[in-house]
Every structure is written in structure tokens, then in C-alpha cells.
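Please look through the salt bridges in this structure before reading my comments. I have kept the note to a few numbered points.

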Amino acid sequence: ILVLRENESEKDLKWNFNLIDYNFKSLNDTTISLERSYFISEIEEFEDDFYLLFKRDYSNDKKYLVIKYSSEKRNIIFKEINFPLSLRVEKVLYFENYFVFLSKTNNSQNLISIYNTNNNQLKNIYEFMNYDKTILKINKINSSTFGVFVSENNLNGLKVISRIMYDLGGYPNNKIRIENRDFSIIETKFFENKYALSILGNKKSRESIGIQFNELDDNSVKSQKVYYFENLSSLINLTNFKKNKKIRIREEFYLDSLFTHDNKILLTMESLKSDRNNDNFSNYQYIPFYNTYSGTYDKKINPKFGGYVHNYCLILSFGYDGRLFRTHAKKINELQTFKKKKYIKYIFEDDYYISIYINKGKIFISKNFNNLTAEDKDYLYEIEGFDNETIIKTETNPEGTYHLKNKEFLTYGIQNIKKIDNNRKRVFYINKIEIIN
């Protein structure tokens, strides 16, 4: 576990790297100095090393800094990268000797860049820099290949998604296109390069209306099956509807995890909605950043932003031929987050599965049984304070939960506490949680 802390000095910023084990014992403590203009953009882990992406806080600056912290060697390597344009890096893939960047220009054009760490050369793929195609994401296929997911409209105005595979030299290998004759493809995940599962929506809408299962053969679609949410009884039973009326779920689902369990393909999904009617959710939620002009830390606040509301989670179980064997839907309670990401974690066993999420200092755990006659169980716990300190509230940003191993999870966040002497303090906390049957 890497704990990163920022401290202000007279001329620069001190960044402290504290490497700890799963029992929170410190293994290594290192501090570096960076110019005040640098702020951290992304942290990723690759092969037990940590990669930190920094950008200068100037609107037209083209420089990024990648810092590699080796957990084994306990050393730090700096790589400064100069892009040809002023860019906002949205995602980085880390390979053994390469970095692959997905960026957007100031006018929202897409750019893919491949940086060779051996010769410090940067190669840019400019073919996506037009307005009729949008790169949704990039992902790692294997140790020498990555995929680019591109969304565009077909002749009927419906969205289709293509995945183009590139080698690290920047040359395309193959392309596969996922589409539906009547609906837009909103999001797609590939599994073992043999299957593709996609969310369907109506034209010019992000609301989800169903799921599409494609079996693949090399670079072509072999078969296709579609399942509409309005026909999934497990989801319909959770929503308000009247009999003999057409059902409309009105949710924006996002694909989460895709894996095999008990010789079935399991897909987990989560619905998120942006709440623009602020009910005091964001009054205390902020993103601190260093203002190079005033020399102080400011707070970026959108007064109308009420966070992202998570309403439902959905689990679908498919056979390898695409047949839908079982669905399980559940209403999510009290989950409103600052960042747009899926929060629920799962543990699957033979007879049941456990779902867990942590929000605003509360731990929500559900045990759901495969046997329909068994009663599901829900548990709620509070994250406790230390040394008789009183927790006034737990903030929503930053906040996160990670699955460590087996039934152990790691959670972190910011708490406002009142000490025994009645003094108030804002502290960072990190907790390890173990689920015991």
C-alpha cells in the first residue's frame, strides 16, 4: 500500500511516499520536492510498482511528469514527457518499456500517444482527431497490445462501438465492430476475446434499455442475443410499476466486472445518475488545488452538483452460448458519491455472494443466497474513531474501497473529528475490513 502525502514548504511542495504492508507497518518512507505548479493527476499500479502522473497547473502547458516508485527496489525514477499539444490526459496504460496515453485537446479532440521509456521517443496516433468519433476508453489486451474503444454514429444515427487493437509500435492489428440494428451501443466489455457484452440504449439517450451478448469468431460477430430490462423480473420488482403498463426503467447502467464463476459468465452492473439539484451534498465536498497566482489552496465547488446517486446493482449469469440463466437485482441504499465510478465490490461463493460498499463512514454488507427460498441478509456498521474521539462526519471526497484478498478490504477517506479536549480536527483515515462468516 502506498500512502502519498503532500506538504507545503517555502519554495516547493514536499511529496512523501510511505510504503506500508497490509498490517499498516511502514516499510519505506521517502520524500521528494517538486515545483508548486505540479499537481497529481493519476496513480496506477503495475507489476508491484506505482506510477504517478503529474501535470503542471498551467492551462497551455504541454509537459507531464511520470514518477515510478519501485516497491521492491525502494527507488524513484522520473520521466518528463513533452506532448505536441496542450492536452488533458485521461488514462495511462503502463507496459514494461512503454506508456500509452489517452488524451483530449482543448477542443475535445482525441489523441493516442505511445512513449518509449528506453529511447524517450513519443509517437502520436492522430487518426482519431476528428469530431465524428469519440474514444471511450483504452485498455490493455496483453503485454504488447492495447485496445482503443471508439464510438461513432452509423447511417441511421445509432451509436456503434468498435475496438481497434494496436501494438506498441502504434500499428493497428485488427478491428471488431459491435452494433445493433434498432438501438445504440452505449458501452461494451470484451471477455477473453471470445465474447462481447454491451449496454443498449435508444437513439440520443444514455438510459439503458437492455443488454446484448455477442459471441465472437476472430474479428467478426458469430451470434447475438438481446435481453431487455423490462423483461427482467428481478429488476422490475424493485421499481414502481403498474400491471399491464409499459415499463421504463429510466436508469443509466454502467458495466462493472466480467468474469467466470461456476462455469457461467457473470456480469455485474451498477446504475449511476448525476444529481444537479444540490441538497447540501456538495457544500463540504471539494477538490483542493494549488493556485499558482495567489499562492494558496483553493476549492473548486459546483454549487448545483449533488453528486452521483447509485440506485441499483444488477448481476446477470450467462451460459457460454449467451443464454441468460439467472438475474439478481438489488436496490442500493444511501450511496451518493462525489466521483463517477462503480463502488460495489463482490465476493462469490458456491451458495451465495456478498456485496459490500462503504460510503460516508458506513459499511453496507449484503449476503445474498442462490437458493430462492433462503432469506437474504443485510448488515450495517459504522467506522469507529480512535482513542475515544467523536466522529462528526465522514466526507465523500476523497473516498475509496479496494479488495485486498479473500474477504479483506481496504477503505480510506477524510473524517471530521472532535477530540477529548473538544478541539476539532480533520484527519485522513485508512481501515482494513475483514468479512467473517
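This is a predicted model: local features need pLDDT of at least 70, side-chain atom pairs count only at pLDDT 80 or more; totals for chains, interfaces and linings use all residues.

1. Residues are numbered from 1 along each chain as its sequence is written, and side-chain values use heavy atoms, with hydrogens and water left out.

2. A salt bridge here is a side-chain nitrogen of Lys or Arg within 4 Å of a carboxyl oxygen of Asp or Glu. Under this rule there are 11 salt bridges.

3. One of them joins Glu35 and Arg56, with 2.8 Å between the closest N and O atoms. Glu35 belongs to strand 3 (residues 26–35) and Arg56 to strand 5 (residues 49–56), so the pair ties together parts 21 residues apart in sequence. Strands are DSSP runs of E, at least two residues long, numbered from the N terminus.

4. Is Arg56 buried or exposed? Arg56 is buried, at 12% relative accessible area, whereas Glu35 is partly exposed at 43%. Buried means under 20% relative accessible area, exposed over 50%, and partly exposed in between (1.4 Å probe, protein chains only).

5. Arg88 and Glu90 also form a salt bridge, at 3.1 Å from N to O. Arg88 is partly exposed, with a relative accessible area of 47%, and Glu90 is partly exposed at 34%.

6. Arg177 pairs with Glu179 in another salt bridge, the closest N and O atoms lying 3.4 Å apart. Glu179 is partly exposed at 35% relative accessibility, and Arg177 is partly exposed at 34%.

Notes: Helices (H or I, at least four residues) and strands (E, at least two) are DSSP runs, numbered from the N terminus.
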